[in-house]
Amino acid sequence: MGWLRQLFSRRRRYDELSESIREHLDEKIADLTNRGVTQEEAERTARLEFGNVTRIEESSREVWQWPALESLWTDIKFALRQLRKSPGPALVSVLSLALGIGATTAIFSIVYCVVLRPLPYAGANRMVHIDIFDRSGDRGYELVSGQQFAQLRHVKALDGAIAEDNWVMTITNESLPQAIQADQMSGNALSFLGIPPLLGREFTESDAPLGQELPLLEKSFCRATGCHRENPATRSQELYDHRRHAQTICMERRWRFLSKRCLPSVGAVGEPGVYVSDYSQVKVWCKHGGCGCRASGTL
Amino acid sequence: MKKKSQYRDLFPGALELMVLKTLSWRSLHGYALAQRLKDISEDYLLIEEGSLYPALQRMLKNGWLETEMGVSARNRPVRIYKVTDAGRKHLEQELASVEKMFAGFNRVLALAGE
């Protein structure tokens with residue numbers, strides 16, 4: 001509690017300091033006048049040899065202060081006095097600040113959402129996307145087969161791997177068929193990404209062995225099709241070219257499509273709305289074991 | 001006061017050390033302390049009177065000094081600076097440290113060219 005005692009005793013310390021300096025100057029002036037110097041000359045010489053009293057008092061007081069903090073507090077008090085003194089410019093300043101902060105926040109929100117927003121998956125910083133290049137170094141549309149993916153999953157350097165691909169499907173339950181962008185993912189996708197579904201249970205690999213499919217719907221798609229109000233299983237039967245499915249899983253909207261930087265929406269080709277687990281030729285996402293490790297494997 | 005070229009800057013803590021040593025000999029008020037330092041340094045050191053006060057405040061804050069009211073040689077009421085027990089202990093430690101530093105400094109100066 002020394003700092004608290006120091007805080008409350010400062011005024012007394014400042015007064016004592018001023019008194020000490022005054023005593024010093026008085027003694028020096030008396031000393032000089034005793035030696036025959038005139039009073040006026042003695043006062044001048046005493047002040048000259050002592051130095052700038054105000055500056056010395058200030059630097060002596062600083063010993064008892066927290067200079068950075070108190071300087072900030074002084075600046076704030078000065079600013080508030082100025083604002084009160086001139087309300088017009090103060091209002092303009094506040095409005096400018098409000099507009100500036102608001103505009104900056106809005107721009108950053110857009111930039112964050114569009115460019116910076118990290119993938120909302122468990123261990124997203126360890127996720128990597130594997131691209132396949134042919135012998136000539138062209139990327140093209142080289143994809144991994146189901147068998148190759150199964151081998152990749154056994155690479156010890158990886159915590160896991162999922163496969164995904166996308167294509168356009170057709171909803172046939174409406175009066176007119178509607179094209180939607182769908183994505184197919186391997187059965188371990190939900191546990192790999194660490195995201196729970198809003199509706200239905202997580203599917204597992206046993207639900208979706210190689211070659212079988214399960215529907216996984218994004219929330220807005222659920223709302224658009226009404227599957228969250230009706231029996232999801234019945235509703236889902238009308239999707240995906242009338243294929244039959246055992247269950248429907250509805251995912252939160254923030255669960256974005258892996259290869260897109262935008263939120264999925266339904267009804268427009270190019271925006272994923274339906275996710276199913278099946279793969280034949282796929283792109284691969286891997287999660288490496290830790291910092292500094294690179295995902296690697298032989299296909 | 002213009003600094004003369006023959007004066008060197010003191011090392012950090014030197015002023016505090018000289019003040020503590022002087023006040024451990026006798027408790028003094030500010031002006032008397034300044035005069036005493038000036039007299040015994042025989043103008044070898046340039047100690048500005050004003051620079052004493054920040055140093056005195058630092059020492060008061062550290063608990064090495066305390067003040068009490070007294071009277072000057074001209075019978076004026078003045079604040080007298082006294083060394084506390086903590087100040088004496090600090091002085092002993094600092095003197096030992098400075099002696100060691102100067103011993104090393106002198107040794108290097110004496111032998112560096114050989």
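What is the mean pLDDT of chain A, and what percentage of its residues reach 70 or more?

Mentor: Happy to! This is a predicted model, so let's begin with confidence. Chain A has a mean pLDDT of 69, with 56% of its residues at 70 or more. Within chain A, the highest confidence is in helix H3(A), at a mean of 91, and the lowest is in helix H10 (residues 232-236), at 38. Residues 227-248 of chain A stay under 50 in pLDDT, and the model gives them 46 contacts beyond four places in sequence. Another stretch of chain A, residues 253-281, is also below 50, with 88 contacts beyond near neighbours in sequence. Where pLDDT is low, the predicted coordinates should not be read in detail.

Chain B averages a pLDDT of 86, and 90% of its residues score at least 70. Residues 1-5 of chain B are below 50, and this stretch has 4 contacts beyond near neighbours in sequence.

Now to the meeting place itself. Here 19 residues of chain A are in contact with 18 residues of chain B. On the chain A side, helices H2 (10-34), H3 (39-50) and H4 (53-61) each supply at least two residues. H2(A) provides the largest share, 11 residues. For the model as a whole, the scores are ipTM 0.81 and pTM 0.47.

Key:
Residues are numbered from 1 along each chain as its sequence is written. Chains are lettered from A and ligands numbered from 1 in the order in which they are written. This is a predicted model: local features need pLDDT of at least 70, side-chain atom pairs count only at pLDDT 80 or more; totals for chains, interfaces and linings use all residues. Two residues are in contact if their C-beta atoms, placed from the backbone, lie within 7 Å. Helices (H or I, at least four residues) and strands (E, at least two) are DSSP runs, numbered from the N terminus. pLDDT is the predictor's confidence in each residue, from 0 to 100.
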